[in-house]
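Visitor: I have a model open on my screen and would like to learn how to read it. Could you walk me through a few features?

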Amino acid sequence: MADEQGTSSAILVVGGGISGLTTALEAAEVGNDVFLIDKNPYFGGRVAQLNQYFPKLCPPSCGLEINFRRVKDNRKIRTYSMATVKSVSGGPGNYEVNVELAPRYVNSNCTACGDCEAACPDEMDNEFNFGMDKCKAAHLPHEMAFPRRYVIDKAALSAEGAEAVKASCKYNAVDLDMQVETITLQVGSIVWATGWNPYDPTKMDNLKFNESDAIVTNMMIERMASENGPTGGAIVRPGDGKEIESIAFVQCAGSRDENHLEYCSYVCCMATFKQMTYVRERYPEAKIYVFYIDLRTPGKYEKFREKLMADENATFIKGKVAKIEPQADGGVTVTAENAVTGEKINQTVDMAVLATGMQPSTAVDAPAVDLNMDSNSFIVSDPENGTIATGCAKKAADVVSCTQSSTAAALKAIQVSRR
Ligand SMILES: Cc1cc2nc3c(=O)[nH]c(=O)nc-3n(C[C@H](O)[C@H](O)[C@H](O)COP(=O)(O)OP(=O)(O)OC[C@H]3O[C@@H](n4cnc5c(N)ncnc54)[C@H](O)[C@@H]3O)c2cc1C
Ligand code: SF4
Ligand code: SF4
C-alpha cells in the first residue's frame, strides 16, 4: 500500500551526490520541504569515491561531512536511500511521483556495530572499489557512509550466511523478509541530479582494459590512493603488487571520439594532474608519461597544470594513443604518434591509467519517466516544462561548477513549486 506524503510546494531531488545535496540544502534552507532520494545505499555520489579534490587537494570527506550534517540537522529534508522514481504524473507545480524503495534487509535499529559483517561467511566484489577487493555480503557501503547503516546483498548470501547474520545481530536490525516498498510523493517540482558513470573502458578494444592487470582507470587510481581503499593507499600494480617505476596516463580515453563520447569530459586532464601528485608522493623518482590530444585546465586550474608540468621526471606527449599491448613481464607498451614531431612512440611502462570520461548515468540507466535528453543522454533543463537538471546530469563538470548549477537549480525549483 502506497504511503502518501508531501505538498504542492515540496521539491523532489533525484540523486544525492554533491549536486543533489547542494540543491536539497539550498531549497530547504529557504523553507521548502525537500525529498532527497538516491538509488545507492548511501549519499555522496562519486565524490565519496575520490581520494582528494583538486585543486586544493583536500579530502572530499570534509566537504561531504559538512553537507551530511546540514542535511541531518534540517527538518525540512527527508532522505530515502535505495530509492528510484518509477512514475511521474501531473505537471509543474503539481506532480505525483511514485518512488520505489529497494529492500536494504537492515532496519533503522542498526548501530553499525559490524557484528553481522564479522559473522558473515559470504564475500562479493566490492563495487565501491571497482571490484579491486572483496566485501562481505553484509557490509557498510563505505567507511564514511551516510546513512551510517549496514546493507545486505541477499543475492550474495548463502543459507548458512543468512542464519549467521541474523544470529549475530543483538539489535534486531537484520530483516531478510523486507520487501520492495512504494511511496507516493506530492511535489511542486523535480530536480534531476542523477550524475555520471565512468565510461566503460572495455568498449575501447585498442586499449585492452580487460587483458592486463596493469591497465586501470582514473577512478580506480582514486580508490587505490585512498587510505580506506583496496590497497590502503598504496599505488601498486593490481595482480602482482609491483611498485611503480614508470606509469603512463592515457588522456581522452573514450572522450572526444564520435565512436564513444563525442564531448570533452572536462575534468580528466585535471584529474590526471592531481593523480600525478599521488604518484609523486609515493614514488619521487618514477617516470611519468602523459599522452594527450590537448591539455584542458580552464581558468584557475592553469596554475596547477603549470606546476605539475615542471616535473623533471614527467614527459608530456601530444598524441592520441593508438593501442596498448600487454607485455610478458606484467607491464604494458603504449603506442602513439607524436603529433608535433611525427615520431612513432612505443613506451613500455609498469602501469597505464585510462583517463576515462564521464557519461551521464541516464545513458545507461534512465529513470522510468519521459525526460528531455540530448543525443549524449544529458538531461536538457526546461523549467517552463518542469524539467530541471543539475550537475553532471546536465553536463560533465567539476564539483565547483556542480554546486553553482545546483544553487541555480534550487532557485528554479522554488519558482516552479510556487506557481
Ligand atoms: C577521475 C576523476 C576525478 C575527479 N576528481 C575531481 C576533483 O578532484 N575535483 C573536482 O572538483 N571534481 C572531480 N571530479 C568530478 C566530480 O566527480 C563530479 O563533478 C561530481 O561527482 C559531480 O557530482 P554529481 O552530484 O553531479 O554526480 P554524482 O557524483 O554522479 O552523483 C549522482 C548521484 O545520483 C544517484 N543516481 C543516479 N541515477 C539515479 C536514479 N535514477 N535514481 C536515484 N538516484 C540516482 C547516484 O547514485 C549518485 O549518488 C573527478 C572526476 C573523475 C572522473
Ligand atoms: S545489522 Fe545488526 S549486527 Fe549488523 S551492523 Fe547493524 S546493528 Fe550491527
Ligand atoms: S578533460 Fe582532457 S582528457 Fe578529458 S576529454 Fe577533455 S581534453 Fe580529453
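Guide: We will go through helices, ligand surroundings, a pocket and some backbone details, one at a time. Keep in mind that this is a predicted model.

Visitor: Let us begin with helix H2. Which of its residues are buried?

Guide: The general idea comes first: an α-helix has 3.6 residues a turn, so residues three or four places apart point the same way. In H2, the buried residues are Pro60, Leu64, Asn67, Phe68 and Val71. They lie on the same side of H2, because they cover an arc of only 105° around the axis. The face turned away from that buried side carries the exposed residues Ile66, Arg69 and Asp73.

Visitor: What distance does H2 reach from its first C-alpha to its last?

Guide: H2 runs over residues 60–73 and reaches 20 Å, close to the 20 Å expected at 1.5 Å a residue for its 14 residues.

Visitor: Where are the buried and exposed residues of H4?

Guide: Helix H4 covers residues 159–168, and its buried residues are Gly161, Ala162, Val165 and Ser168. These line one face of the helix, since seen down the axis they fall within an arc of 140°. Ala159, Glu160 and Ala167 are exposed on the other side of H4.

Visitor: And how many residues of H1 are buried?

Guide: In H1, 10 of the 12 residues are buried, so this helix is largely enclosed by the rest of the structure. Among them are Ile18, Leu21, Leu25 and Ala28. H1 spans residues 18–29 and reaches 16 Å, close to the 16 Å expected at 1.5 Å a residue.

Visitor: What surrounds ligand 3?

Guide: The residues around ligand 3 include Cys252, Cys264, Cys268 and Cys269, along with Arg256, Asp294 and Arg296. Strand S15 (246–253) and helix H6 (268–282) each supply at least two residues of this shell. Its classes are five nonpolar, three polar and three charged.

Visitor: While we are at S15, is alanine 248 buried or exposed?

Guide: Alanine 248, found in strand S15, counts as buried because its relative accessibility is 0%. Alanine 248 and threonine 333 are 85 residues apart in sequence, and their C-alpha atoms are 9.4 Å apart in space.

Visitor: How do I read a pocket?

Guide: Rolling a probe the size of a water molecule over the atoms shows where empty space is left. Here, the second largest pocket has a volume of about 450 Å³. Its lining has 17 residues, with Thr79, Tyr80, Ser81, Leu101 and Arg149 nearest its centre. Strand S4 (residues 77–80) gives the largest share of that lining, three residues.

Visitor: Finally, where are the cis peptide bonds you would show me?

Guide: Look at omega. One joins phenylalanine 54 and proline 55, with omega about -5°; proline 55 sits in the loop between strand S3 (34–37) and H2. Another runs from phenylalanine 146 to proline 147, with omega near 0°.

Visitor: What about phi at methionine 82?

Guide: Methionine 82 has a positive phi of about 55° although it is not a glycine. Methionine 82 lies in the loop between S4 and strand S5 (83–91), and is buried at 14% relative accessible area.

Notes
Residues numbered from 1 in each chain as written. Chains lettered and ligands numbered in written order. Predicted model: local features only at pLDDT ≥ 70, side-chain atom pairs only at ≥ 80, totals over all residues. Heavy atoms only, no water. Near = heavy atom within 4 Å. Helix = DSSP H or I, 4+ residues; strand = E, 2+ residues; numbered from the N terminus. Nonpolar A, V, L, I, M, F, W, Y, C, P; charged D, E, K, R; others polar. 1 Å grid on protein atoms, 1.4 Å probe; cavity = no way out; pocket = protein on both sides within 12 Å on 5 of 7 lines; lining within 4 Å. Points joined across faces, edges and corners; volume = space filled by probe spheres on them. Expected span 1.5 Å × (residues − 1). Buried < 20%, exposed > 50% of the residue type's maximum accessible area, 1.4 Å probe, protein only. Arc of directions from axis to C-beta.
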